[in-house]
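Me: Hi! I've just opened a structure that is new to me, and I'd like to go through it with you. Could you help me get my bearings?
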Amino acid sequence: MTNLRAQLTMTAGPVPGSIYYLEKAEVYLGRDLANDIPIPDAEISRRHARVFMQGNLVFIEDLGSTNGTFVNGARISSPKEIHPGDRITLAEKTAFSFSIAGQGEAPKSEPAVSYATQPQQVPQYQESYQPVAAPVPERELAPAPQMTKPAKKPHGCVIFLLIFLAILVIAALVLVFMPSSWWCAISFNGIPGCPVQ
């Protein structure tokens, strides 16, 4: 696109109002940060679609995404030529408006943010994308929840001592309330008063 400056403007999605200038032969859109236009939306595939140019024509192609790519509401299955004013939707939530500077929407005067810093080795009639990001409003952070100390657990020696005392109490009760015939059996009739056999 020799004298034309094509662009995508995000009209709906994570950062509405963002402008991405088409200054590269092909641009990839998707959730992965390695894309030329990374879109932080869980509904969008890692590498969702690509926009590419052939001469003065601009095309968009779905790259086998899960939730699809739509041009003016129609899902595409093969490369589709796009024109100024066309609405491109990725996964039914994130939408872009395609325009060419001087035609359709005019670019907004916002600072340019470059996602790709690699030198371009493309013919002169092909250009690269240079997105302009809209400012993200600051959010107030909620106060951190108060942490409570967990209740202390008894040490192992205390538990052992309690078990030992419980066994002593049970043994004492058994010995006190044991019938006399058991005492005779335990002592093999060696206690005075046991019947002699």
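Predicted model: local features only at pLDDT ≥ 70, side-chain atom pairs only at ≥ 80, totals over all residues.

Me: Where does Leu161 lie?
Reply: Leu161 is part of helix α1, which runs over residues 156-176.

Me: And why does Leu161 count as partly exposed?
Reply: Its relative accessibility is 48%. Exposed would need over 50% and buried under 20%, so a value in between counts as partly exposed.

Me: OK, now the inside. How many residues does the largest nonpolar core have?
Reply: That core has 24 residues. The ones with the most contacts inside it are Leu8, Leu22, Leu29, Ile88, Leu90, Phe96 and Phe98.

Me: Which elements give two or more residues to this core?
Reply: They are β1 (6-12), β3 (26-30), β5 (49-54), β6 (57-62), β10 (87-90) and β11 (94-100). As background, nonpolar side chains tend to be buried together in soluble globular proteins.

Me: Let me zoom in on Phe98. What is Phe98 in contact with, leaving aside its neighbours within four places in sequence?
Reply: Quite a list! Phe98 touches Ala6, Gln7 and Leu8, along with Leu22 and Val58. The list also includes Ile82, His83, Pro84, Gly85, Asp86 and Ile88.

Me: I keep seeing rings. How many aromatic pairs does a search of the whole structure find?
Reply: Two aromatic pairs turn up. One is Tyr20 with Phe96, whose ring centres are 6.1 Å apart.

Me: Why is the pair of Tyr20 and Phe96 called edge-to-face?
Reply: Because the two ring planes are at 70 degrees, and planes over 60 degrees apart count as edge-to-face. This pair also links distant parts of the chain: Tyr20 is in strand β2 (residues 19-21) and Phe96 is in strand β11, 76 residues apart.

Me: Are those two buried or exposed?
Reply: Tyr20 is buried, at 4% relative accessible area. Phe96 is buried too, at 1%.

Me: What about Phe52 and Phe59, how do their rings sit?
Reply: Their centres are 5.4 Å apart and their planes are at 15 degrees, so this pair is stacked. Phe52 and Phe59 are both buried.

Me: Changing topic: charges. How many salt bridges does a search of the whole structure find?
Reply: Three. In one of them, Lys24 meets Asp36 with an N to O distance of 2.5 Å.

Me: Where do Lys24 and Asp36 lie?
Reply: Lys24 is in the loop between β2 and β3, and Asp36 is in the loop between β3 and β4 (37-38), so the bridge ties together parts that are 12 residues apart in sequence. Lys24 is buried at 17% relative accessible area, and Asp36 is buried at 12%.

Me: And which residue does Glu26 form a salt bridge with?
Reply: Arg50, with the closest N and O atoms 2.5 Å apart. Glu26 sits in strand β3 and Arg50 in strand β5, 24 residues apart. Glu26 counts as partly exposed at 28% relative accessibility, while Arg50 counts as buried at 18%.

Me: Where does Glu61 come in?
Reply: Glu61 also meets Arg50 in a salt bridge, 2.7 Å from N to O. Glu61 lies in strand β6 and Arg50 in strand β5, so the pair ties together parts that are 11 residues apart in sequence. Put together, Glu26, Arg50 and Glu61 are linked in a network of salt bridges.

Me: Where is Glu92 found?
Reply: Glu92 is in the loop between β10 and β11, and Ala91 is found in that loop too.

Me: Buried or exposed, those two?
Reply: Ala91 counts as buried, at 6% relative accessibility, whereas Glu92 is exposed, at 63%.

Conventions:
Residues numbered from 1 in each chain as written. Heavy atoms only, no water. Core = buried A, V, L, I, M, F, W, Y, C linked by side-chain atoms within 4.5 Å. Buried < 20%, exposed > 50% of the residue type's maximum accessible area, 1.4 Å probe, protein only. Helix = DSSP H or I, 4+ residues; strand = E, 2+ residues; numbered from the N terminus. Contact = heavy atoms within 4.5 Å. Phe/Tyr/Trp six-rings, centres within 6.5 Å; stacked < 30°, edge-to-face > 60°. Salt bridge = Lys/Arg side-chain N within 4 Å of Asp/Glu carboxyl O.
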